[in-house]
Amino acid sequence: MTETCRRIVLTALPQDKLSTADFALEEAARPQPGEGEVLLRTLYISLDASNRAWMQGPTYRAALKAGEVMYGRALAEVTESWAEGLAPGDLVWAETGWRDWAVMPGRLVQKRPRIHPLTHLLSVYGISGMTAYFGLLDCGRPQPGETVVVSAAGGAVGTLAGQIARLMGARVVGIAGGADKCAWLVRELGFEAAVDHRAGDLRARLRDACPGGIDVYFDNTGGSILEACLIEMANHGRIACCGSVSTYDGAAPPHGARGVPGLLVTKRLTLTGFIATDFNDRRPAAIAQLRAWIERGDLKVVEDVIDGLENLPAALVGLLAGDNRGKRMVRVAASED
């Protein structure tokens with residue numbers, strides 16, 4: 001009897017907001033590895049706003065096409081290996097796509113240590129943690145006493161970036177959707193204040209929260225939130241741009257953030273775009289520092305784990321709507337930590 005695997009295919013490129021109807025769950029024969037390849041059992045699949053951006057065209061990777069298995073990164077376990085340096089039982093980080101079994105060339109997977117809990121390999125020690133750490137410290141460069149504003153502050157990157165800014169001695173203001181999430185940022189994660197972007201008049205609310213202006217803005221959203229923050233920036237402020245989630249899902253906005261380049265010039269601002277892999281050579285040092293903060297209880301890791309491969313489409317739709325707190329991922333198979 002042929003062993004099977006499950007996979008989720010993007011059946012159509014969405015023309016408006018992403019829907020679970022844009023996906024289909026399929027069953028296929030389980031792939032078999034060849035020379036130089038490994039068979040992987042998917043454990044956890046990472047969910048990120050960039051999953052939606054891949055449907056719109058090329059980014060730092062090729063565009064996703066209708067009919068293809070949904071792109072996705074995962075923590076997986078090697079079950080069969082024909083690749084040098086990889087053995088059954090090894091944990092790896094790989095672009096498996098949304099499926100429970102995958103075959104990958106050994107050269108395209110990255111070994112990961114077996115730590116407890118494994119979920120930290122996707123959150124604080126994964127792309128989210130590296131994005132928050134390097135984006136804030138290398139691009140934002142906060143100084144003690146400065147005001148740091150973080151958008152999408154309740155998400156995977158924002159929860160970490162805000163806490164790291166606090167550890168640097170900055171005054172941290174989060175921007176998030178909903179009064180409950182804003183209160184949670186202050187109560188649980190140590191933000192000085194949080195502004196609800198759904199409550200209207202964002203500029204006035206930012207001005208109240210940041211009376212001396214914004215020294216560092218960590219931008220996860222782009223769009224109207226970036227525009228509002230640009231206006232409230234202090235002279236010589238720094239903006240770290242890691243994403244533009246407000247433009248990923250649904251119809252394109254009528255215009256980009258106004259004030260560019262005018263406000264950049266008059267306020268002498270620095271705006272830096274980056275991706276976490278720019279800093280791969282310094283990843284071990286970043287992980288060591290993050291681990292030290294966690295062990296001292298200075299940094300809380302917030303994770304949102306959903307069970308079941310079949311729940312990936314709904315989990316991504318919910319992520320784009322801001323339903324999550326912290327890093328959202330889907331557990332596909334159980335593993336001993």
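So, what covers the buried residues of α9? The cover includes β1 (4-10), β2 (23-29), β3 (37-46), α1 (50-53), β14 (303-307) and β15 (327-331). Contact here means heavy atoms within 4.5 Å, and helices (H or I, at least four residues) and strands (E, at least two) are DSSP runs numbered from the N terminus. Helix α9 itself, residues 312-320, is mostly covered, with seven of its nine residues buried. Those are L312, P313, A315, L316, G318, L319 and L320. Buried is under 20% relative accessible area, exposed is over 50%, and partly exposed is in between, with a 1.4 Å probe and protein chains only. Just after α9, G322 has a positive phi of about 85°.

Quick caveat: this is a predicted model, where local features need pLDDT of at least 70 and side-chain atom pairs count only at pLDDT 80 or more, while totals for chains, interfaces and linings use all residues. Numbering runs from 1 along each chain as its sequence is written, and side-chain values use heavy atoms, with hydrogens and water left out.

Okay, next up, a helix pair. The axes of α2 (residues 127-140) and α8 (residues 283-295) come within 10 Å and cross at roughly 95°. Axes are lines fitted to C-alpha atoms, for helices over the stretch in contact, with angles from 0 to 180 degrees between N-to-C directions. That makes α2 and α8 roughly perpendicular, a label for 65 to 115 degrees; under 35 is roughly parallel, over 145 roughly antiparallel, and the rest oblique. On the α2 side we've got G129, M130, Y133 and F134, meeting R283, A286, I287, Q289, L290 and W293 of α8.

Leaving aside residues up to four places away in sequence, G129 touches S123, V124, L160 and L290. G129 and A156 are 27 residues apart in sequence, yet 8.0 Å apart C-alpha to C-alpha.

Now the rings. There are seven aromatic pairs in the structure. Rings of Phe, Tyr and Trp (its six-membered ring) pair if their centres lie within 6.5 Å; planes under 30 degrees apart are stacked, over 60 edge-to-face, and the rest tilted. F218 and F274 have ring centres 6.3 Å apart and planes at 75°, so they're edge-to-face. That pair links distant parts of the chain, 56 residues apart, with F218 in strand β11 and F274 in the loop between β13 and α8. F218 is buried at 0% relative accessibility, and F274 is buried at 7%. Both belong to one aromatic cluster that also includes Y133, F134, F279 and W293.
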